[in-house]
Amino acid sequence: MSNRYARRKFLCDPTVGRLCRYMRMIGFDTGMASSHSAKDVLSVALDESRTILTRNTILAGMKLARDVVLLEEDDPWRQLQIVINECGLEIDQSQVLTRCLEDNEPLREIAKAEVKGRVWPYVYQTQERFYTCPKCERIYWPATHVKAMVSRLKSHGLL
Ligand SMILES: [Zn+2]
């Protein structure tokens with residue numbers, strides 16, 4: 001993992017739920033605050049040294065909220081672009097889809113035999129490498145998923 005990736009951790013609040021998935025998609029450790037309360041979000045961010053991503057001006061204006069990106073845009077792709085620019089991030093293609101989009105857990109490779117019956121037969125027949133989330137047990141097959149994600153990133157000018 002590149003240093004740039006290892007250094008930065010983020011926390012989204014419920015005002016930027018889709019952005020949260022996109023941050024995970026490009027491989028950044030991005031937590032999702034379960035609470036709407038600015039105070040609660042701030043306290044998690046401070047505890048875990050995370051940069052806050054939010055549209056909540058009250059949260060962004062709090063005295064202790066020094067590490068925060070306030071997003072005025074509504075479109076999550078534009079939001080992603082702004083976060084990348086403001087935080088000086090670079091997308092590393094090898095980090096795309098290394099985390100579960102649902103719960104931020106790093107994915108683990110799983111033996112092909114273990115996914116038999118858990119994915120569509122076509123997928124089983126055509127894919128060789130599979131990854132799983134240790135928390136929710138979703139199965140990902142990067143050969144297809146990463147390609148689709150990379151082309152979405154490119155279509156938004158992010159790669
Ligand atoms: Zn998961």
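Modeller: A residue counts as buried if 20 or more other C-beta atoms lie within 10 Å of its own, as exposed if 12 or fewer do, and as partly exposed in between; C-beta atoms are placed from the backbone. This is a predicted model: local features need pLDDT of at least 70, side-chain atom pairs count only at pLDDT 80 or more, and totals for chains, interfaces and linings use all residues. Residues are numbered from 1 along each chain as its sequence is written.

Biologist: What makes a stretch a helix or a strand?

Modeller: Both are DSSP runs, numbered from the N terminus: helices (H or I) have at least four residues, strands (E) at least two. The protein chain has 7 helices and 7 strands. Their order along the sequence is α-β-α-β-α-β-α-β-α-β-α-β-β-α.

Biologist: Why are H2 and H5 called oblique to each other?

Modeller: The axes of H2 (residues 17–25) and H5 (residues 76–86) cross at roughly 55° and come within 9 Å. Axes are lines fitted to C-alpha atoms, for helices over the stretch in contact; angles run from 0 to 180 degrees between N-to-C directions. Under 35 degrees is roughly parallel, over 145 roughly antiparallel, 65 to 115 roughly perpendicular, and the rest oblique. H2 and H5 are therefore oblique.

Biologist: Is the crossing of H2 and H5 left-handed or right-handed?

Modeller: H2 passes H5 in a right-handed crossing. A crossing is right-handed if the near helix is turned clockwise from the far one by less than a right angle, left-handed if anticlockwise. Arg18, Leu19 and Tyr22 of H2 meet Pro76, Gln79 and Leu80 of H5. By class, that contact has 4 nonpolar, 1 polar and 1 charged residues. Nonpolar covers Ala, Val, Leu, Ile, Met, Phe, Trp, Tyr, Cys and Pro; charged covers Asp, Glu, Lys and Arg; the others, Gly among them, are polar.

Biologist: Why is Asn104 called buried?

Modeller: Asn104 has 20 other C-beta atoms within 10 Å, so the residue counts as buried. Asn104 sits in the loop between H5 and strand E5 (108–110). Its phi is positive, about 75°, although Asn104 is not a glycine.

Biologist: What makes Leu107 partly exposed?

Modeller: Leu107 has 19 C-beta neighbours inside 10 Å, so the label is partly exposed. Leu107 is also in the loop between H5 and E5. Leu107 and Tyr131 are 24 residues apart in sequence, yet 6.0 Å apart in space, C-alpha to C-alpha. Leaving out residues up to four places away in sequence, Leu107 touches Thr98, Arg99, Cys100, Tyr131, Thr132, Cys133 and Tyr140.

Biologist: Why is Glu90 called exposed?

Modeller: Glu90 has 10 other C-beta atoms within 10 Å, so the label is exposed. Glu90 lies in the loop between H5 and E5. The C-alpha atoms of Glu90 and Leu159 are separated by 9.0 Å, with the residues 69 apart along the chain.

Biologist: And Glu137: buried or exposed?

Modeller: Exposed, because Glu137 has 10 other C-beta atoms within 10 Å. Glu137 is in the loop between strands E6 (130–132) and E7 (139–140). Phi of Glu137 is positive, near 65°.

Biologist: How do you know that Asn56 is buried?

Modeller: Asn56 has 21 other C-beta atoms within 10 Å, so the residue is buried. Asn56 lies in the loop between E3 and helix H4 (57–60). Leaving out residues up to four places away in sequence, Asn56 touches Asp13, Thr15 and Ala38.

Biologist: Why does the radius of gyration of the protein chain agree with a compact globule?

Modeller: The radius is taken over C-alpha atoms, and the globule rule is 2.2 Å times the number of residues to the power 0.38. For 159 residues the globule would be near 15 Å; the chain has 17 Å, which agrees. The C-alpha trace spans about 55 × 30 × 30 Å along its principal axes. Of the 159 residues, 25% count as buried.

Conventions: Contact = placed C-beta atoms within 7 Å.
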